[in-house]
Amino acid sequence: MKYQYYFLAATSVACLSAPAIAGDTVIYAPPAKWVAPKSLDDAEKSGPAVALLDKQIHMEGGTVSTYQDSAIRLSTPTMLTQAGTIKAQWMPDKGDLIVHRIELIRDGKTIDLIKQGAKFEVLRREKNLEKREVDGSRTATLVVPGAQVGDILRISYTITLKDQALGQQMQAFDTMPTKPLPLETGSLSISWPTGEPVRWATFHGPDDLKTVDRNGTTTLTIDLPLPKVPDGAQNAPVRFNFPPIVQATTFADWNAVSKKMASVFDSAVGFGPNSPLNDQVKAIKSQTDDPLAQAVLATRLVQDKISYLLNGMNGGNYIPQKPDETWEQRYGDCKAKSVLLLSLLKALGIKAEPFLVLSNGGDTLPDLLPMPGDFDHVVVHATIAGKEYWLDGTTSGTRLANIATVPNFRYGLPLREEGADLMALPKRLPEAPTQQVTLTYDSSAGIYVPVLYNLDIALSGPIAATLRTAADQLEGDALRSAVISIIKPVIDDSQPVSTAITYDDASGIAHITASGIRTTPWNRNNEVTEMHPPATPVADISFDADRARAEWKDVPLLLTGPTYQGYAFSMLLPDGGKGFSTSGKKSIDTSIAGIEIKSEASLSDGKFTLDQSVRAAADELPAADIPAAARSDAAISNNLPKLEAPAQTLMNWDYVGARRKLLAPIEAAYAKLIANDSSAEPSEQANDYESRASFRWGTGDLAGAESDYDVAIEKSASVDLYYTRGSLKWGRGDLPGALADYRAGESLEGKGKSYSAQVMLLGRMGKGDEALALAKEYANLAKTPANAQNVEAEALMWAGQRTEGLALIRKALTRRPGDPQLLNNLCWQAGIWNMVDAEIMATCNTAVEKSNWAAPELDSRAMAYFRQGKLAEAKADYDAALEASPWIYASRFMRGVVRIKMGDKAGGEKDIAEVLRMNPDSKARFAAFGIVPGK
């Protein structure tokens, strides 16, 4: 409903956009007598892009006239291109576009382009047809003839506006440009005959403005640009970051606006006895006697049967078309749809009225001057059985379950013959979820393998209706891509095997469903393995708001009400849930800042469940209440329920014999995923095989993993795939194959990332000289000298120059004393090559302490203890390392060696057997260092 007008020079300088509404043709004439033109005689050739911007608005006799004079410096070829074409769009029924001046100022001389015959070419073009907007606008264009770099382009014009709907009432409003706008001289004035009942106000404007009375005219003048607007507080209501505007109006108050607009709408409401709409009323009555259900059916009829099309022609910006016309044409804008809905409701005996709103930023309305231009949308305000409802014919998805939801317009204006004041919309908790997430994880095969999932996201209301087309039309890859984008906030890092979008017209609920595989959601935190339920609505609540600056201390926090989110999560646990436990609060039922929070967790019969809901009606939180709300939220967030796994649970190496069958459902899911993507892009197919290879490798099927990597590389080779397969081959003991893969990856990338691995492989293969040569070559590619020295030291050790290798690491440490990586490498190299002494042992201790007892450093020190024969100390470090990270196979293998030496043959052999299932090369690797189990 808000007017949109433009008169543009095609330039990026924002202040050159201005209102433009005109008759059918462009008029060329001098300015009116009330205009006080500004001089540009002393304008310099260089300066800000806009040398002058002068806007003068005059209100008189029901007509609002806007004069604008602008001068643009064409100082660069870019400005010449951008500003060299002038465009104007206008509607033909509300006034005139009168062009006064189109000039080029060059070297102090003025070139009058209008005298030279420059004229606008006028076209009929609907500029927003793709947005379903037809306003009868005309477009005029002029390519400025003869413009050159260094010229000043000056344009002045006047727009007159007399709105058919407002009669003698007038309104004017405009933004006030602020620095750093490149404007040299600017002003904005509003004038009216002295004595006219004009009220004016600024929003975020200067405080010291005064009007001047002269020669029977009252004028308000504002110098432009205004000072730079201070940075606004984040997550603040719109009114706090609203741009500076000035308003002027003849409307005395909101009652006057309500009366005037009621007269416009009331004349359009209703239909005659022979109207086809009577049949629709009868059909609604035949379905139900319940007035609320009838209101739902009437709203659905308007939402579903009438498409949206803004028709602004013939005074249509405020004047709605008749219901019969809307029904016949089957399209209409918010006014037409609301009038049709009003007519249906009144025919059904339901009390209803038009209700003006501002769709975004309704919280600003109490601070604005009363005028129709404050609003951009109209809905229907109905009262049924004493309860208020706000019905919007331009949205969709209204059903009995959600009709009571109060839209977040904040304020609105009822249109009544007797007038009405601005009304605050009530804060009402929604009665039905707008989103219900139901998610199931199947972790019954174990917590360190991928999980199978089933997900259903049920959406209602307008957002659900937008998926109706997707449900009918999307299929194949397009459907899968759409579902993945929707479910990503709920379950990321997943590979859907099946996807669907369905829409139930009766309930107005859309379901987005997916089932598939995702990486394990379990995380090991030192010695504890835990799982936090994903994407819980309670965890998403946030009261983050920086209000540290003095100017922000009273700014409220913008909330998202009204909202209602439901959440149901369940997880099937391995071994019937034996040993699993929960921590955190099992039951929460509270309210923070008007947000109702409920959470209920349980663990029984091998299944963990968590049900949550978050309902909110509040739209903002006072600044003084933010800290308390944040504290309360933190207390809840830090104590949300989570699952903890027992210390003894299935590990990656345990899937042998009968236990291998536990993985059959996961294997089946991967097989289906690969089959589904058989016609997909090679890169996507490669990703599927890579995912299954990772799963197989992680559960001891090394041959199957290598086969999958082979296919992935064949379909879409990459550096990472070569490196990963090389690592797998190395673990299997295929050193030449591993070396070939690392070299293949290096040939694609050439950044030296694989040199360290190649040096170790060459050393293992007895090619110490080649390893040393490669290490010296790496010195030119390493990011730091320390990296190069580490690799060269490795090569020296394999080449038999072990004293020199350790000396090189020590040399690096003189340059980077205390470097954790260098300390650990010195400890490790001395340990594996049996060169540990007191100094090395001290280095190992320092490395462990600096790392805060991290697993890799503990592993290195354990090796040093082992070489010194301190088996108990070695085992203690290996135990600690494996407690933090059970998958360090070198630590597990060496712990097995230590346990055998300490007399625990069964325990040691168990450790070694577990490692060899996952990394068969470990036995040969440690044998190269002279370490053989049992010897």
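Thr529 counts as buried, at 3% relative accessibility, and this residue lies in strand β31, which spans residues 528-531. The structure is a predicted model, in which the mean pLDDT of the chain is 92 and 95% of the residues reach 70 or more.

**Surroundings of Thr529**
- The side chain of Thr529, a residue that counts as buried because its relative accessibility of 3% falls under 20%, makes a polar contact of 3.0 Å with the side chain of Arg524.
- Leaving aside residues up to four places away in sequence, Thr529 touches Ile447, Tyr448, Trp522, Asn523, Arg524, Leu643, Glu644 and Ala645.

**Nonpolar cores**
- The largest nonpolar core holds 103 residues, and the members that touch the most other members are Leu455, Ile487, Trp522, Phe569, Met863 and Met894.
- Helix α19, residues 785-798, gives the most to this core, contributing eight residues.
- In soluble globular proteins, nonpolar side chains tend to be buried together.
- Phe569 touches Leu439, Tyr441, Met531, Pro533, Pro534, Phe608, Thr609 and Leu610, when residues up to four places away in sequence are not counted.

**Open sheet and packed helices**
- Five strands, in the order β23-β22-β21-β24-β25, form an open sheet with antiparallel pairing.
- Strands β23 (387-391) and β25 (423-424) stand at the edges with a single partner strand each, so one side of each is left without a neighbour in the sheet.
- Within the sheet, β21 (residues 351-357) pairs with β24 (residues 411-414) in the antiparallel sense over three bridges, and Val357 stands opposite Gly412 in β24.
- Helix α2 (residues 254-266) packs on the sheet, where it touches β21, β22 (377-384) and β24, and the direction of this helix makes about 60 degrees with that of β24.
- Helix α6 (residues 334-347) also packs on the sheet, touching β21, β22 and β23, with a direction that makes about 15 degrees with that of β22.

Key. Residues are numbered from 1 along each chain as its sequence is written. This is a predicted model: local features need pLDDT of at least 70, side-chain atom pairs count only at pLDDT 80 or more; totals for chains, interfaces and linings use all residues. Side-chain values use heavy atoms; hydrogens and water are left out. A nonpolar core is a set of buried Ala, Val, Leu, Ile, Met, Phe, Trp, Tyr and Cys residues joined through side-chain atoms within 4.5 Å. Buried means under 20% relative accessible area, exposed over 50%, partly exposed in between (1.4 Å probe, protein chains only). Helices (H or I, at least four residues) and strands (E, at least two) are DSSP runs, numbered from the N terminus. Contact means heavy atoms within 4.5 Å. pLDDT is the predictor's confidence in each residue, from 0 to 100. Two strands pair if DSSP finds at least two bridges between them. Axes are lines fitted to C-alpha atoms, for helices over the stretch in contact, and angles run from 0 to 180 degrees between N-to-C directions. A polar contact is a pair of N or O atoms within 3.5 Å; within protein, one must be able to donate a hydrogen and the other to accept it, and residues adjacent in sequence count only if both atoms are side-chain atoms.
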